[in-house]
Amino acid sequence: MSLMRLVKITIASFLGALLLVPFLECSADAAMGDVSLELAQDTIEISTFYNGTTLEVSGDVAVDDDVVLLVSGPREEVHLKEKGKVAGFLWMNKKDVILENTPAVYMVYTPEGSSEKLVSTDLGTGYQALLSDISIMPESADKAFIFEEYVKLMEQSGVYAVHAASVQYGTPENGMKSFKVVLVIPSKMKAGTYSVEAIAVKGGVVIDRAQSGLILKLSGLPAVISSLAYERPLLFGFMAVFIAIATGLLIGVVFRGGGGAH
Amino acid sequence: MLHMYLPIAGNSVNVFLILGLGGFVGLLSGIFGVGGGFLMTPLLMMFGIPPTVAAASDSNQIVGASTSGTLAHMRLGNVDVPMGLMLLIGGVGGGTVGVQLIKLLRAMGNADFLIAITYVIMLGGVGGYMFWESLQGLKKDKQGIAVTAQVEEKESVKGGKTFLQRLPMQYKFEKSGCEVSMLMPLSIGVLVGILAAIMGVGGGFIMVPVMVYLLRMPMHVVVGTSLFQILFTCINVTIMQSYSNHTVDFVLAVLLLLGSTIGAQAGTAVSKRLKADQLKIMLASLVLLVCVKMTAGLLMTPAIMVALKGGH
C-alpha cells in the first residue's frame, strides 16, 4: 500500500513539475528576453493626396535575442479564378477558388544577417506559416499552389512582403538593445485595423511577443465620397452623371468661346 | 509627383498619368466617335485599378466626354438624332437580353470562353475588314481616281435599296442621307447591345463600323450620332453601377473626365481635317492592335496562375 502510495505521489509530483516547467521557463525567459514595441503613431489618415506612407517602429529586445516584426491585416475570404487551358491552347480564367481566413496584409521585417533563420513555420513567420490557418474551397484544389500564386499577386501590389535586413539594432545597454524599423504602408493597404507584432527569438524558439494595433482610416474627401457611395448609392450615381455632364458642357462652352459664338 | 487617393478603387494614382490617359482616350473618342471603353479599361487595370471599378468609372467619364463631343458634333451638323434614338432604343433592349444571356452562360460555366472568343473575333473581323476596305479607298485616291468616301457610300446605297425598301416603317434619315426602315437601326441596336453586354463595353467600336457598312451613313455623321447614342448608354450604366455594385470611383472619373473632355474637343477638330478613309484606317489599326494584344494574352503562359475575381 505504502509503496503504491509513494508511486502515486511521485507520479503526481512529476506531472505537477512537468506542468510547471514551461511556465517557469517562460516567465524566466520573459524576464530575460522581454520585448517592447512602440509605434510613432497608431492611426494613419488616408486623405485626398495620400499615396501610402512609412511608419517608424522602435522598441527594446534582450541583447542575445533577435526580433522579427509582423504586420498583418484583417482576415478575409478571397475569391479567385484559377487560370487554365481551354481547348488545349487558350489561357483563361477557368476555375473558381476561394481562400478563407487569408490576411489582407502580411509583411515580415527581419534584422540583418539572420533573415533566413527568422522566417520559418516553427516561429510562425513567413508565408508558409500562414498556410495552416487558411482553408480552400473546393477542397480538391491544390491549396499550397494556389496560395503561392496568390502571394505573388499580393506582392505585386505591395501588401504582402518580406523585408529582409530591415530591422536595425542600437548599442546594447543593461542586457537590452534597442531596435528600429521603418514600416512601408503601401497605398493599396485599405482602411481598417491592423496588428503590428514584435517577436523575440532565441535559438530558434519564440521567447516573447509584444503587439500593438494600427488603424488606417479615411478622412477628408475620400471619407465623404466613400460614405456617399455606400450609404446613398442612387444619389451618388445621379451626382456622378450630373457632374460629368456639367463638366462636358462647360468644356464645350469654353471651346466654343474660343472659336466664336454663332 | 502629385498623387490622389481613390476611395472606391482603394489605391492612389498619379494625377498627371490619369489626366494624360483621359486626354488620349478622349482624343480617340472625338476623332472616331467611340467611347474608348475597350482601351481605357485594360489601361486602368495596368495601373492597378480593379477591373470592375475601372469599367464603371470609365462609363462615368464617358458621360462627360461624350457630352462635350456630342455638343461639338451637333454644332457641325453631324448628329442624326432620329437615327441615334432608334439605335439607342435597340441598344438598351439588346443590352438587357445580353445581360440575361451572360447570366445563363455563367450558370452553364462557359461564359468566359465565349466572352474571350467574341472579343477576338469581333475585334479581328471588324478591324481587319475596315483596314482592308480603307486601304483600297486610299489606293484609289492615289491613282488619281477621285473617289471620295461619300461617293462610294452613295453608290452603295443604290445597291442595297431593293432589300431595304421592302421593309415596313420607311423613314428618311436626312442627316445620314438614307431612307431606310426604322426597324433597320432598331435591330442593329439590339444586335450591338447584345454584343456590348457580352463583352462588357459600350459597343462604340462595333456601332461605328455597323453604321458605316450596314447603314451606309457618311463617316462624319456616324461619329456624331455614335457619340450621341453612347452618352445615353453610359448615363444608364453609371447610375446602375453606382446603385447596385458601388464600383464608380468618382475621383478617378473626374480626373479622367478633365483629360478626356479636352481631348474630345481636340479630337473633333482633328476629325474635321481628316478624310473618311484616313479616319477608318486609323480606327482599324487601333482595333487590330487591341485584338493582337488580347490574342497574345490568351496564348502566352501567364506569370501568375490566379486572378482576383471580378473582371473578365
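Two strands count as paired here if DSSP finds at least two bridges between them. Keep that in mind for the exercises below, which work through a predicted model.

**Exercise 1. Work out the strand order of the nine-strand sheet in chain A, and find which strands stand at its edges.**

Step 1. Follow the pairings across. The order is β1-β3-β10-β9-β7-β4-β11-β12-β2, all in chain A, and the sheet is open. The pairing is mixed.

Step 2. Look at the ends. β1 (38–39) and β2 (43–46) of chain A each have a single partner strand, so one side of each has no neighbour in the sheet.

**Exercise 2. Take β7(A) from that sheet and describe how it pairs with β4(A) and with β9(A).**

Step 1. Start with β4 (residues 66–72) of chain A. This strand and β7(A) run antiparallel, with four bridges between them.

Step 2. Now go to β9 (residues 160–169) of chain A. Here the pairing with β7(A) is parallel, over five bridges. Tyr106(A) sits opposite Tyr160(A) of β9(A), and Met107(A) has Ala161(A) as its bridge partner in β9(A).

**Exercise 3. Decide whether the residues of β7(A) are buried or exposed.**

Step 1. Set the cut-off: a residue is buried if 20 or more other C-beta atoms lie within 10 Å of its own.

Step 2. Check one face, then the other. Tyr106(A), Val108(A) and Thr110(A) on one side are buried, and so are Met107(A), Tyr109(A) and Pro111(A) on the other.

Step 3. Six of the six residues of β7(A) (residues 106–111) are buried, so the strand is largely enclosed by the rest of the structure.

**Exercise 4. Trace the four-strand sheet that includes β5(A) and β5(B).**

Step 1. Read off the order: β8(A)-β6(A)-β5(A)-β5(B), an open sheet with antiparallel pairing. The edge strands are β8 (135–137) of chain A and β5 of chain B, each pairing on one side only. From one strand to the next, the twist averages 35 degrees.

Step 2. Check the pairing within chain A. β5(A) and β6 (residues 90–103) of chain A run antiparallel and are joined by 11 bridges. Leu80(A) faces Val97(A) in β6(A).

Step 3. Check the pairing between chains. β5 (residues 75–86) of chain A and β5(B) are antiparallel over three bridges. Glu82(A) lies opposite Val306(B) of β5(B).

**Exercise 5. Describe the side of chain B that touches chain A.**

Step 1. Count the residues. Chain B puts 48 residues in contact with 49 residues of chain A.

Step 2. Find where they come from. Elements of chain B that each supply at least two residues include β1 (3–6), β2 (11–14), α5 (111–142), α10 (250–273) and β5 (306–308). The biggest contributor is α3(B), with nine residues.

Step 3. Sort by class. This side of chain B has 30 nonpolar, 16 polar and two charged residues.

**Exercise 6. Inside chain B, work out how α2(B) packs on α3(B) and how α4(B) packs on α9(B).**

Step 1. Get the bigger picture. Chain B has 11 helices and five strands, and 54% of its 312 residues are buried.

Step 2. Take α2 (residues 37–46) of chain B and α3(B). Their axes are 9 Å apart and pack at about 135 degrees, which makes α2(B) oblique to α3(B). The contact is made by Gly37(B), Met40(B), Thr41(B), Leu44(B) and Met45(B) of α2(B) with Pro51(B), Ala54(B), Ala55(B), Asp58(B) and Ile62(B) of α3(B). By class, that comes to seven nonpolar, two polar and one charged.

Step 3. Take α4 (residues 81–108) and α9 (residues 219–245), both of chain B. Their axes come within 9 Å and cross at roughly 40 degrees, and are therefore oblique to each other. The crossing is right-handed. Residues making the contact include Val81(B), Leu87(B) and Gly91(B) of α4(B), along with Phe228(B) and Phe232(B) of α9(B). The contact of α4(B) with α9(B) has six nonpolar, five polar and no charged residues.

Terms used. Residues numbered from 1 in each chain as written. Chains lettered and ligands numbered in written order. Predicted model: local features only at pLDDT ≥ 70, side-chain atom pairs only at ≥ 80, totals over all residues. Axes fitted to C-alpha atoms, helices over the stretch in contact; angles between N-to-C directions. Parallel < 35°, antiparallel > 145°, perpendicular 65-115°, else oblique. Left-handed = near helix turned anticlockwise from the far one by under 90°. Contact = placed C-beta atoms within 7 Å. Nonpolar A, V, L, I, M, F, W, Y, C, P; charged D, E, K, R; others polar. Buried ≥ 20, exposed ≤ 12 C-beta atoms within 10 Å, placed from the backbone.
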